[in-house]
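Have the model open as you read.

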Amino acid sequence: MATSKTKIFNMALNELGVTAPIANADAQDDTNAIILRNFYETARDEVLKGFDWNFAEKYRQLTPTGDKCLDPRFQFVYDFPNDCLAARSIFEEGGKGLKRKFKLSANDKGQKVLLTSISPVILRYTRRVENETLFDPEFAIALALYLAGLAGQAVTGSADKANTAMKKYWDKVRLGQISNAAEGQEVDEDDSTYLDAR
């Protein structure tokens, strides 16, 4: 059965000991659905951002803004993709696939930009995935646990249940790292040229 927002909400409620399922995540007359909806989008984006999930990986050639880079450590300023939740690494197009240094910053308008000294550049990043049918099963479980951790006290009145769900979330992410790593093999690369985005 495909993952849905309703299924994720019910998994979160089950984790909190609430056995009565909700029929529809968008129900306006269900208090639990309303509470979970208040946390859902933020929780989804945080769980996506918090780990390098294979199903959410994307590559994109970036567009230069044309602005002068005022940071003396870098030469070029690039537009940042709207669907990017976490910049993971950059590569020089046509290069040897080595990760290169970069930094995230903001321009005068407050828009996020990427600074680097290579051109042209390809960004590998975690994208925002809003369609629940595309979620990995492990991600769906991790999201349900995180959602239970965030909304647990509001739903049940118990901080202990919320804390237990959050602990299970962190355990699930650690298992997800092992499973994710088994889906591919990382090639040798020069990590000395890489600077994580903060």
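What follows looks at salt bridges and then at cysteines. This is a predicted model, where local features need pLDDT of at least 70, side-chain atom pairs count only at pLDDT 80 or more, and totals for chains, interfaces and linings use all residues. Residues are numbered from 1 along each chain as its sequence is written, and side-chain values use heavy atoms, with hydrogens and water left out.

Side chains of opposite charge can pair when their charged atoms come close. Searching the whole structure turns up 12 salt bridges (a side-chain nitrogen of Lys or Arg within 4 Å of a carboxyl oxygen of Asp or Glu). One of them joins Glu 15 to Lys 168, with the closest N and O atoms 2.9 Å apart. That pair ties together distant parts of the chain, 153 residues apart: Glu 15 sits in helix H1 (residues 5-15) and Lys 168 in helix H4 (residues 159-182). Helices here are DSSP runs of H or I with at least four residues, strands are E runs of at least two, and both are numbered from the N terminus.

Next, find Lys 103 and Asp 71, whose side chains meet in a salt bridge at 3.4 Å, N to O. Lys 103 belongs to strand S4 (residues 102-106), while Asp 71 lies in the loop between strand S1 (57-61) and strand S2 (76-79). Asp 71 is buried at 12% relative accessible area, whereas Lys 103 is partly exposed at 30%. Buried means under 20% relative accessible area, exposed over 50%, and partly exposed in between, using a 1.4 Å probe and protein chains only.

As for cysteines, there are zero disulfides (pairs of cysteine sulfur atoms within 2.5 Å). Cys 69 is buried at 13%, and Cys 84 is buried at 8%.
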